[in-house]
Amino acid sequence: MPLTTRNMEEFSDLTRSFCLDTGIRKQMESFKAGFTEVFPLSHLKMFTPQEVRLLLCGEMSPDWSRQDLMDFTEPKFGYTKESAGFLDLVEVLVEMSPGERKNFSTVRHGDVVPLPPWGAS
């Protein structure tokens, strides 16, 4: 269907429906079937929606310590773990607020890379 000013609303409704319903229904049903083989949905009743999101998606605001950054970051392009520039970066990252950490992860990776509930280690 060619998009025109007359059918913008219909086009928007059809696109939304396809992206969030009909276009992904088969994948969602497959995901649900596979998920319930491992963890029956009836067991989810013991968790709040926020707890389920955390268990499935991990922490969306990265929580790291100076030691985490030193242990899990590998400097490149001539920098070493002893380089002043690298150590300055580590200090800046440690001092960031949760929101700044989330924004930094988004800029660095193009998407927030969730940490699992047990952290970075």
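Is Phe77 buried or exposed? The legends below take up this residue after an overview of the chain.

Figure 1. Residues are numbered from 1 along each chain as its sequence is written, and side-chain values use heavy atoms, with hydrogens and water left out. The secondary structure comes to six helices and zero strands, where helices (H or I, at least four residues) and strands (E, at least two) are DSSP runs numbered from the N terminus. Read from the N terminus on, the elements run α-α-α-α-α-α. The mean pLDDT (the predictor's confidence in each residue, from 0 to 100) of the chain is 84, and 87% of its residues reach 70 or more. Confidence is highest in helix 5 (residues 84-95), at a mean of 95, and lowest in helix 6, at 75. Where pLDDT is low, the predicted coordinates should not be read in detail.

Figure 2. Phe77 is found in the loop between helix 4 and helix 5, and, at 82% relative accessibility, Phe77 counts as exposed. For these classes, buried means under 20% relative accessible area, exposed over 50%, and partly exposed in between (1.4 Å probe, protein chains only). Although Phe77 is not a glycine, it has a positive phi of about 55°. Most residues other than glycine have a negative phi.

Figure 3. In one of them, the side chains of Arg16 and Asp13 meet with an N to O distance of 2.6 Å. Both residues of this pair, Arg16 and Asp13, lie in helix 1 (residues 8-22), where they are three residues apart, about one turn of the helix. Arg16 is partly exposed at 48% relative accessibility, and Asp13 is also partly exposed, with a relative accessible area of 35%. A further salt bridge joins the side chains of Asp21 and Arg25 at 2.7 Å, N to O. Asp21 has 35% relative accessibility and counts as partly exposed, and Arg25, at 40%, counts as partly exposed.

**Figure 4. The salt bridge between Arg101 and Asp63.** Arg101 forms a salt bridge with Asp63, and the closest N and O atoms of the two are 3.7 Å apart. Arg101 belongs to helix 6 (residues 98-109), whereas Asp63 sits in the loop between helix 3 (49-57) and helix 4 (66-72), so the pair ties together parts that are 38 residues apart in sequence. At 8% relative accessibility Arg101 counts as buried, whereas Asp63, at 58%, counts as exposed.

Figure 5. Met70 is in contact (heavy atoms within 4.5 Å) with Lys81, Phe86, Leu87 and Val90, when its neighbours within four places in sequence are left aside. Phe104, which is found in helix 6, touches Trp64, Leu93 and Met96, not counting residues up to four places away in sequence. With a relative accessible area of 31%, Phe104 is partly exposed. Phe104 and Pro62 are 42 residues apart in sequence, and their C-alpha atoms are 9.6 Å apart in space.

Definitions and conventions: This is a predicted model: local features need pLDDT of at least 70, side-chain atom pairs count only at pLDDT 80 or more; totals for chains, interfaces and linings use all residues. A salt bridge is a side-chain nitrogen of Lys or Arg within 4 Å of a carboxyl oxygen of Asp or Glu.
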